[in-house]
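This report describes selected contacts, a nonpolar core and a sheet. The sequence and structure are shown first.

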Amino acid sequence: MEKGKNKQSRRKFISKTVPAALGAIGGVGLVAQSCNTTEEEEKVSLLTPDGQLVEVNKSSMQPVSPAEARKGIPGKQFVMVIDLSRCKNARKCVTKCQKMHDLPPEDEWIKVFLMQDSSDTAPYWFPKPCFHCNQPPCVKVCPVGATYKRTDGLVLVDNERCIGCKFCMTACPYSSRVFQWKEPKETNFADREYSPETSTPHKVGTVGKCDFCPDMIRQGKLPDCVSGCPNGVIFFGNKKEDIVSNGTESFRFSELIHDRAGYHFMAELGTEPNVYYLPPVDRLFDYEKGFNNLTDEQVEFYKKSIVKKH
Amino acid sequence: MNLNPKSAKMLDYFASQMVKVSKPGIFWLAIATVFIIGGFYALIVQIVEGHIVTGMRDNVVWGIFIANFIFFIGISYAGALISGILHLLRVEWRTPIIRIAEIITVISTLIGPAYILLCMGRLDRLHHLALFGRIQSPIIWDVMAITTYLIGSIIFLYLASIRDLAALRDYPFKSKWRNKIYTILAIGFNGTPKQNRYLDRSLDIMSAIIIPLAILVHSVLAWIFGMTLRPGWHSTIFAPYFVVAAVFSGTGVLIIALWIFRKYYKLESYITKIHFNYLGIILMILGALYAYFTFSEYLTSWYGSETWEMEVLYKLFNPNEYWWWFFFAAIIGVVLPIIVILIPKFRNINSITAVSVIAVLALWVKRYLIIIPTLEAPLLPLQDMRPEYIHYTPTIIEWLLTFAGVALFCVLFFLFSKFMPILPVVKADEGNYAELRKTVLKRIVKEKMKETEIKESEKMKDL
């Protein structure tokens with residue numbers, strides 16, 4: 001088919017999309033900071049708003065402040081496409097995400113469910129991040145605006161504002177949110193400056209969830225669940241540029257959704273997610289492959305808890 | 001203030017009761033204090049350790065704290081609706097019960113919201129509600145509604161107490177601090193016709209305001225659940241359902257409180273069987289209404305049998321999960337009060353109180369069943385290996401704080417009864433105003449009659 005035509009290297013994809021964005025957002029500030037560079041430090045090339053390429057220190061690229069993180073990256077509309085035909089519950093997206101966001105093993109911001117639509121249909125593995133809905137029920141109910149929708153489509157949480165009422169957790173129909181029930185363990189992330197774009201360090205009594213890794217996007221990288229997946233299940237990209245990539249392959253978003261019958265999970269709820277699913281047809285793996293890296297107890301549990309979706 | 005002899009005698013009795021605490025009183029007070037200390041300990045543990053000490057986890061994010069919150073706001077309806085409506089309708093027998101009803105309202109509206117605070121992960125950021133409050137959020141509606149309601153019910157209680165405060169001000173207490181406080185609170189009320197007129201007018205206005213306000217408060221509370229896309233919550237009848245359940249439980253608590261104070265302060269001559277009978281009949285009617293709402297709610301979701309709704313229903317109707325609780329909350333707690341009150345043979349003061357206790361307990365369980373099973377049935381399958389994330393069990397900390405709330409309710413009630421007569425002593429028609437109005441009316445009628453007589457006699461003359 002024509003898919004090959006759209007294939008691009010990851011570098012090309014990144015070089016196309018990211019520097020412009022970075023320049024537009026942080027350009028001026030970063031230029032100012034770049035005066036202090038020393039020779040040994042790693043440099044990053046950036047495009048300033050007036051079209052000049054500059055080099056700045058990597059270390060000077062601090063995560064954006066909570067106020068800045070409310071604005072969103074101009075010209076972007078982030079989407080994720082999850083190809084269910086490729087998932088075999090390798091769980092790399094889960095562990096990579098936990099490493100990236102400094103989460104304990106029991107907290108999962110992206111979860112992998114075992115789904116079965118009816119008793120006659122085949123089970124399939126179902127990775128589920130936050131859907132970053134365009135009509136987010138969680139944002140609607142937040143009493144203090146601690147969770148908010150950005151112009152680039154992201155729904156983020158400012159855990160310096162969150163009062164921990166958990167209303168968003170009951171409002172989210174997709175169980176995407178995780179609460180910090182106790183003081184988070186001391187890690188090397190603890191002295192990091194907090195930003196809603198990194199969602200770290202965590203704070204006790206506040207809500208966290210998948211953030212689509214905007215800090216990675218700003219650095220020209222894909223979210224960790226995308227790059228971490230060994231089977232290229234998850235595609236990520238900018239809807240306005242109509243392109244999504246899993247790191248090794250890139251597709252036109254509209255064509256991918258059109259050709260592979262992409263759909264919204266529980267579209268009937270009217271939340272308009274920014275995560276699309278490709279149905280589990282012509283699968284690469286049998287779903288039972290997904291039991292390989294699980295204990296017998298876990299397998300038993302999954303088989304018991306499998307629930308019909310509709 | 002000049003009181004009639006009956007009121008003066010009553011005031012004498014209450015004033016003597018107010019300055020002493022009987023032995024059983026001390027005993028119960030000590031027990032309640034133990035519970036309050038237990039709750040205080042639990043509170044400190046929760047603040048220090050975080051919410052991990054509760055049974056709440058990522059799926060069941062709200063536990064019995066929210067059930068307690070709805071419960072307390074529910075029983076606050078005793079004063080707001082019952083007393084407000086009885087006042088507006090000028091029901092004769094209301095007098096001995098309205099003070100108790102209004103106190104229930106104020107105290108439970110004070111305690112209820114505390115449970116919301118216990119549910120908040122970051123109490124230190126409470127001021128964010130003022131700094132960043134968003135009117136789109138039902139929580140903000142709730143904050144505004146409850147604050148208004150609390151202020152409204154305090155004003156209502158205060159207005160209805162001014163006559164007694166004035167009488168207490170003029171009563172010769174041994175300790176002078178009481179008289180000083182009463183003097184301030186009585187704001188110079190002397191029962192002059194003008195004062196009486198203004199007070200009666202304000203009471204009428206307040207009771208008219210408090211009724212819609214109370215309905216609004218519980219509706220907003222119901223909408224916190226109704227606005228979410230959750231099976232078992234996302235229901236259009238939730239607001240009226242909550243309101244009816246609230247008045248039902250409020251009436252139940254009112255009956256229990258009447259029974260206790262009648263016993264403790266020996267008020268048999270004031271609070272009589274008539275009051276229990278009338279309140280019992282109100283309780284019965286509300287019970288029937290509540291049963292109707294319950295039936296309607298579960299019938300429609302069962303008949304439609306949408307997958308998600310059914311998951312909640314399976315939990316409620318499964319004997320291994322919540323069926324016996326549901327049976328108690330929705331069937332025993334309603335049918336039993338209705339039967340006992342409906343059949344005259346069963347109807348007496350003690351039996352009415354007993355079924356009220358059952359109804360109130362059932363209503364607490366019902367609140368639990370509204371919150372927990374729904375949260376245990378999210379739309380996505382619950383594939384979590386941690387049992388506490390799948391099934392909610394309240395911890396000792398949560399129970400301690402729950403019992404502390406009930407104990408605090410009792411203690412505050414008790415303290416109030418040591419500060420004010422638990423029944424209104426000075427009648428509304430006392431003082432001069434009503435008498436004056438009667439004499440004025442009589443005079444007017446007499447004058448009219450005279451006029452007509454004169455006219456008629458003149459006509460006769462003409463003829």
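How many residues does the contact take from chain B and from chain A? In this predicted model, chain B contributes 38 residues to the contact and chain A contributes 41 residues. On the side of chain B that touches chain A, helices α6 (128–132) and α7 (138–169) of chain B each supply at least two residues. The composition of that side of chain B by class is listed below.

| Class, side of chain B that touches chain A | Residues |
|---|---|
| Nonpolar | 19 residues |
| Polar | eleven residues |

The largest nonpolar core has 197 residues, of which V81(A), I234(A), I100(B), I104(B) and L254(B) touch the most other members. Helix α10 (residues 238–264) of chain B gives the most to this core, namely 15 residues. When neighbours within four places in sequence are left aside, the contacts of I100(B) are L254(B), A257(B), L258(B), F261(B) and I422(B).

Chain A holds an open sheet of five strands with mixed pairing, in the order β12-β11-β10-β3-β13. Its edge strands, β12 (250–252) and β13 (275–278) of chain A, each pair on one side only. With direction ignored, neighbouring strands of this sheet are turned by 25° against each other on average. Within the sheet order, β10 stands next to β3; strand β3 (residues 78–83) and strand β10 (residues 234–238) of chain A pair in the antiparallel sense over five bridges. V81(A), one of the core residues named above, has F235(A) as its bridge partner in β10(A).

Technical notes. Residues numbered from 1 in each chain as written. Chains lettered and ligands numbered in written order. Predicted model: local features only at pLDDT ≥ 70, side-chain atom pairs only at ≥ 80, totals over all residues. Contact = placed C-beta atoms within 7 Å. Helix = DSSP H or I, 4+ residues; strand = E, 2+ residues; numbered from the N terminus. Nonpolar A, V, L, I, M, F, W, Y, C, P; charged D, E, K, R; others polar. Core = buried A, V, L, I, M, F, W, Y, C linked by C-beta atoms within 7 Å. Buried ≥ 20, exposed ≤ 12 C-beta atoms within 10 Å, placed from the backbone. Pairing = 2+ DSSP bridges. Axes fitted to C-alpha atoms, helices over the stretch in contact; angles between N-to-C directions.
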